[in-house]
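Hello,

Here is the structure I promised to pass on to you. Please open it first, and then read my notes below.

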Amino acid sequence: GGTWLAGSDATFTMPSAGVEVTAVYASTSQWPVVFVQENAAVDLNIPSGISGLNVVGFDSGEEKTSAPFVLTVCEGCLVKISSSDLTGAQFVAYNGTVSDLSNAGEPNFDGISTGRTVTLFFTNIPGRWPEPLPVEILDMNKKHPIIPQSASSGMGDVEVANFGSEGAPVGSHVKLVALPDEGYKFSGVRARYVDDYNWTDLDVEVIEDSVWFTMPYAEVRIVPDFAPVDNPYFLVPLKGVSRKTLSEETSEISVCDDGGCEYYYDRDGNGNGMLVLTAPEGYILYAYGNVNTASQDYLEIFDGADTNANLLFKESGNDELYRINSSTQSLTFRFNSTGWGEGFNIKVGLINMNAEYEIEIYSYNGTASSNVQKAKFGDTITVTGVPDEGYVFYGIDVYDENENFLFNVEDGVWYNGVAKFVMPSSDVFIDVDFEDMRNIPLEIKIPKSDTLRVSVPEGIMAFNVVDDGGSSGNYSDD
């Protein structure tokens, strides 16, 4: 009993002997100590103004479980107890009132109570002095500060849009607005609070330059990130989702883990954040780059605006992402991680679905032409070759506008007389390969199914018939 529990009076049942009564007072900033009873149930009602208490078990000399210790906190309050503290102090906890442990079932308490009342049971272990159990009382109406931490000077800041300087109460939907300085753009953010002496990241929802999160029961630190507009990047958040729309002026941007494009990521907890990039109307996206993560961590890329879309890429460790294209306006990046590592740097750019790209053809020892001189991305291009006498149309090599090799086409070209490919998102030039038919090994691959009919061009005197794996590969078994 006492002032903090029931007023200024304390009562007890007089035993058959004299007693000595000692009054104990504690500062309101200190947590009072209460004791679990071995055989008698305890039912405590805690008034407002108490931020926590320490619950202590007993040492009976034998293994024994206490009577129920029922704790009810003030209106608008909840109870917080860490699972590690429960184990260390030899307690189990239940939401609500439990009068009989034998019929209680598995403990249903998970860190923070679902209501005002919890029930504790203590089990004495002989030879082990019981540790106090810290029980924190959370005032759900109390406002906790939100502290934006500025990025490096001259990059930008964030402001709290819907709450004042005193902060926000638990459960509030807090909105932040990013304010990039000239020459920078908002690339990512972390919202963190201290939980059981450890930094814990909150789920964030980012839409362009606005950020939302749900206020926890502690002070929150906001750490923004800004990228230079001449070297832009976006970060996949540790937790939550970030949604960004690219402008038509975007040439290419980087997508990196929350550690940044130049630094290692280091997870304080499980990460599964997502970044959704969306192209303007009439565009799709391409992506390529490198991944270098811890073995248990992995990056996923989905062909759409969420993780229900088709999975295009999933890799961990050290791997290269060869260029992939979306079929829609969006790509979703999700990074699942628990460790630390170099991370990833994925380049993303736009493909204009309405742009037309030029086709140039170079040939010798024969002539060649394409069915069109300009084409859009995704169009099928047909190149027809007519070899000079003694030569055979063997294939084509396709290069982009910067003379970077893209791919070649050879299968079936020598007997079909045509080579087909899908137009990439750049001008191309095509190097047509006419080979001396006396020196080049020719082959026909038997297909896995269906019937292949071949008309052998005039002048061909010999060729090889091989399985569908070709002369240097394995045949398929499906």
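This is a predicted model, in which local features need pLDDT of at least 70 and side-chain atom pairs count only at pLDDT 80 or more, while totals for chains, interfaces and linings use all residues. Residues are numbered from 1 along each chain as its sequence is written, and side-chain values use heavy atoms, with hydrogens and water left out.

Let me start with Asn124, which is found in strand β8 (residues 117-124). Strands here are DSSP runs of E with at least two residues, numbered from the N terminus. Asn124 is buried, with a relative accessible area of 0%; buried means under 20%, exposed over 50%, and partly exposed in between, using a 1.4 Å probe and protein chains only. A polar atom of the Asn124 side chain lies 2.6 Å from the backbone oxygen of Glu62. Beyond its neighbours within four places in sequence, Asn124 is in contact (heavy atoms within 4.5 Å) with residues including Phe58, Glu62 and Gln90.

Strand β8 also brings us to the core. The largest nonpolar core has 27 residues, and Val55, Phe69, Leu71, Phe91, Leu120 and Leu133 are those with the most contacts inside it. Such a core is a set of buried Ala, Val, Leu, Ile, Met, Phe, Trp, Tyr and Cys residues joined through side-chain atoms within 4.5 Å. Among the elements that give two or more residues to this core are β3 (52-56), β7 (91-95) and β8. Leaving aside neighbours within four places in sequence, Leu120 is in contact with Val55, Phe69, Phe91 and Leu133, among others. Apart from this core lies another, of 26 residues, among them Ile253, Leu275, Phe333 and Phe335.

Next, a sheet. Three strands form an open sheet in the order β33-β35-β38, with antiparallel pairing; two strands pair if DSSP finds at least two bridges between them. The edge strands, β33 (366-370) and β38 (418-422), each pair on one side only. β33 and β35 are joined over five bridges, with Ser369 partnered by Thr384 in β35. Five bridges also join β35 (residues 380-387) to β38, where Val383 has Ala419 as its bridge partner and Ile381 stands opposite Phe421.

Which residues does Asn464 touch, not counting those up to four places away in sequence? They are Leu442, Glu443 and Ile444. Asn464 is found in strand β41 (residues 464-466) and is partly exposed, with a relative accessible area of 46%. Its C-alpha atom is separated by 4.4 Å from that of Glu443, 21 residues apart along the chain.

Last, the aromatic rings. Rings of Phe, Tyr and Trp (its six-membered ring) pair if their centres lie within 6.5 Å; planes under 30 degrees apart count as stacked, over 60 as edge-to-face and the rest as tilted. The count comes to 16 aromatic pairs. Tyr286 and Tyr288 form a stacked one, 6.3 Å centre to centre with 10° between the planes. Tyr286 counts as buried at 10% relative accessibility, whereas Tyr288 counts as partly exposed at 31%. The pair of Tyr362 and Phe429 is edge-to-face because the ring centres are 5.5 Å apart and the planes stand at 85°. That pair links distant parts of the chain, with Tyr362 in strand β32 (residues 356-362) and Phe429 in strand β39 (residues 428-436), 67 residues apart. Ring pairs also link Tyr362, Tyr399, Phe405 and Phe429 into a cluster.

Enjoy looking around!

Best wishes

Terms used:
Helix = DSSP H or I, 4+ residues; strand = E, 2+ residues; numbered from the N terminus. Polar contact = N/O pair within 3.5 Å; in protein donor to acceptor, adjacent residues only side chain to side chain.
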